[in-house]
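This report covers salt bridges. It looks at selected pairs, where they sit and how exposed they are.

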Amino acid sequence: MSNNLGLYIHIPFCQKQCHYCDFLTFVGREDQMRPYIDHLRMEIKLHARRSERVDTIYFGGGTPSYLPTHLIREVMTALRENFALSPDCEIAIEMNPESVTEEALLSYLDLGFNRFSMGVQSFDDRVLRLMGRLHNKESVLQKIDLMGKLGIDNYSIDLMFANPGQDFQVLEQDIKTLKNLPINHVSYYSLMYKENTAFYRWLKTGQIKPYNDEVEREMYHYIQSELRACGLQQYEISNFARPGYESHHNMKYWQLEDYLGLGIGASSNIGLVRTTNVPTFEKYYQMVEEGQFPCQVDEELTLEDREKEYIILSMRLLKGFSIDKINQRFGIDFETKYQEAIHKHLQTGLVQIDQGHFQFTDKGLDIGNQFYLDII
């Protein structure tokens, strides 16, 4: 394990709640922006004695770009005052197209942001309206053009497939539009129906219908093939990038490296301890004012728990994990300890060993759950 640390900063404010979203977000609570940032800076100071070098910072949400830039500046100032940032630290921010402006982008660049993630979801205006998004295709193209004019090329867009109303023809048009844009990273997610969302309610009342598994798999394979053909190489189940544009921060999640979550509802993973911050403004404010870490969940795992978690998360990566590395990290002989599951799924064709890496095959990426069950 390295001594590097990733930081996740949760900005919970949104201009509008999307119909599929179940993240910890708040609409119409702009009155809390100022006090929230004041208390976020207080929480940052509580962690000031950490000796690790910070090599990734990720502002997520919510919609961080909805927050006024002067408040983002205050957070970045507090981070620099209380943590040791590496010279090549990846500093990323999530944005929605409607809140991307030239003024904001210039401010982010001045603050040291060097990676940008824009939530697009689709280029089809009808699908975007159904999803509850505030932007349209034209505004996305304008903001991508703006980033290019400002010399920004390290940015990613989020897209979704298997949305209501997004049949195969719409997906093909989305991919056609994408292939004509100067995009170096794409996160492409399958829609999931989460409780407490409008989509989930509409699903239960029959107002919308999900695509069946076979159609969804066909869509996924089409995305894989088309993105590969235009030079965007898949490096994780849902992520595609040109060489050198992979997300360093997200790699920490998949490789079970240390990261600290700051802000309400933010999760942390440090050593064998996993924590989650309290989810309400009131409790969060109270705890940081009292000098307490605002954790609601505090769980210490065994090394065995971590080992299995490492296998499951690392298998999301197309390269899987190094057998030598897992042996060294957890003090095991992987091929001996898990020989029954390994042998079984080498035979079923779900996994393979390639140049010392244990990884899913293409078939395993589709139906790898049985392997996970045998590992657990």
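Asp-38 is partly exposed, at 28% relative accessibility. (Buried means under 20% relative accessible area, exposed over 50%, and partly exposed in between, with a 1.4 Å probe and protein chains only.) The model is predicted: local features need pLDDT of at least 70, side-chain atom pairs count only at pLDDT 80 or more, and totals for chains, interfaces and linings use all residues. Residues are numbered from 1 along each chain as its sequence is written, and side-chain values use heavy atoms, with hydrogens and water left out.

The structure holds 20 salt bridges. Each is a side-chain nitrogen of Lys or Arg within 4 Å of a carboxyl oxygen of Asp or Glu. Three of them are tabulated here.

| Pair | N to O distance |
|---|---|
| Asp-38 and Arg-41 | 3.6 Å |
| Glu-236 and Arg-316 | 2.5 Å |
| Lys-344 and Asp-374 | 3.1 Å |

Asp-38 and Arg-41 are three residues apart in helix H1 (residues 33-46), so about one helical turn separates them. Helices (H or I, at least four residues) and strands (E, at least two) are DSSP runs, numbered from the N terminus. Arg-41 is partly exposed, at 29%.

Glu-236 pairs with Arg-316. Glu-236 sits in strand S9 (residues 233-236) and Arg-316 in the loop between helix H11 (303-314) and strand S15 (321-322), so the bridge ties together parts 80 residues apart in sequence. Glu-236 is buried, at 0% relative accessibility. Arg-316 is partly exposed, at 27%.

Lys-344 bridges to Asp-374. This pair links helix H14 (residues 339-348) with helix H16 (residues 369-375), 30 residues apart. Lys-344 is partly exposed at 37%, and Asp-374 is partly exposed at 30%.

Shared partners join Arg-34, Asp-38, Arg-41 and Glu-74 into one salt-bridge network.
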